[in-house]
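Here's a quick tour of one protein structure. Have a look at the picture, then read on.

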Amino acid sequence: MLDARRLQLLHDLDRLGTIARVAQARSYTPSAVSQQLTALEREAGVPLLERTGRSVRLTAAGRVLVRHAATVLAALEEADAALAAVRSGPAGPIRIGAFPSAMRTLLPRVLVALGTQHPALELAVTELDPSLVPVALRDRTLDVGLIHDYDVVPAPDDPLLEQVPLLSETVFLASTSDISDMSVMPWILATPGTLCHEVTLRVCAAAGFTPRVRHHADDFGTVLALVAAGQGVSLVPALAAADPPDGVRLTALETRRRTRAACRRGDATRPAVAAVIGALLSSAPRFPGDVSLSESGVAAAHGNQGGLHAER
């Protein structure tokens, strides 16, 4: 096998032109450089240099080897840099995308933990709909993104992404009173075309009716405020319902929302990306049903565990 240090000397000779200059640049004697290049020729099994008096020049084989040496030396420098990053800990910019309910509840804890454990990371967070995260990861405008789907609307596999499960949470029916028939109630739905809108349609269809839509809202805080104001009922995942407004009742359904951390395939081994995913795993809530609710939420959630028509 060719010696990398001798390859470096050959590369230097091509760049500097003389053995004397190589010796000066490397703090060697010219004799030592010449000996190392001779040893490299023995390893290669072909002449690499043509010697004329005190001058040398590369042979055809020498020029071929110099081109490959540049690639080898660049790879070694990259490996050294990667090892240095591991030794010193994750560092540099890292861009995270997350949907609103995760931004409010999960990301603050993650950012505090990462800032304490890895102060050299330059964290930047963007609120982003989960449907836009895969494109942002593929385009490298994000390093890590949070995505979710529902058991009734599973997301298709993306071969270009690696995904790590973080939590699975109960979906609740938010209302202001005990209602035996949700088909007669006005509903608050997300914007048509969004995953949350599709989930509500499917849950209602499974219960045998089409929801009568009164309002559209995508922010779950707004949705819960509208429910509290008596404007209708809605489906809300537990992560967004940890502190429901006064008067809002939460009835647990069988439907679940599943949240995952995603990155480009192969990026999970990058120190910075691994640090973010590790912090997300450590900070993801763990409760009965995977997430905790406030006392009022827990009290209201112990009623209906089934479909929308069940009477509490």
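## Before we start

This is a predicted model, so local features need pLDDT of at least 70 and side-chain atom pairs count only at pLDDT 80 or more, while totals for chains, interfaces and linings use all residues. Residues are numbered from 1 along each chain as its sequence is written, and side-chain values use heavy atoms, with hydrogens and water left out.

Helices (H or I, at least four residues) and strands (E, at least two) are DSSP runs, numbered from the N terminus.

## Helices α1 and α3

Let's begin with α1 (residues 4–16) and α3 (residues 30–44), which pack with their axes 9 Å apart at an angle of about 110°. Axes here are lines fitted to C-alpha atoms, for helices over the stretch in contact, and angles run from 0 to 180 degrees between N-to-C directions. α1 and α3 are therefore roughly perpendicular to each other (angles under 35 degrees count as roughly parallel, over 145 as roughly antiparallel, 65 to 115 as roughly perpendicular and the rest as oblique).

Who touches whom? On the α1 side you'll find Arg6, Leu7, Leu9, Leu10 and Leu13, and they meet Gln36, Leu37, Ala39, Leu40 and Glu43 in α3. Contact means heavy atoms within 4.5 Å.

## Alanine 4

Alanine 4 also sits in helix α1.

Leaving aside neighbours within four places in sequence, alanine 4 is in contact with Leu73 and Leu76. Alanine 4 and leucine 76 are 72 residues apart along the chain, yet their C-alpha atoms are separated by 8.9 Å.

## Helices α6 and α10

Next up are α6 (residues 107–117) and α10 (residues 271–283): their axes come within 9 Å and cross at roughly 125°. That makes α6 oblique to α10.

In α6, Arg109, Val110 and Leu114 meet Ala275, Val276, Ala279, Leu280 and Ser283 in α10.

Tryptophan 187 lies in strand β7 (residues 186–189) and phenylalanine 209 in the loop between α8 (195–206) and β8 (212–216), so the pair ties together parts that are 22 residues apart in sequence. Both tryptophan 187 and phenylalanine 209 are buried.

How values were computed. Buried means under 20% relative accessible area, exposed over 50%, partly exposed in between (1.4 Å probe, protein chains only).
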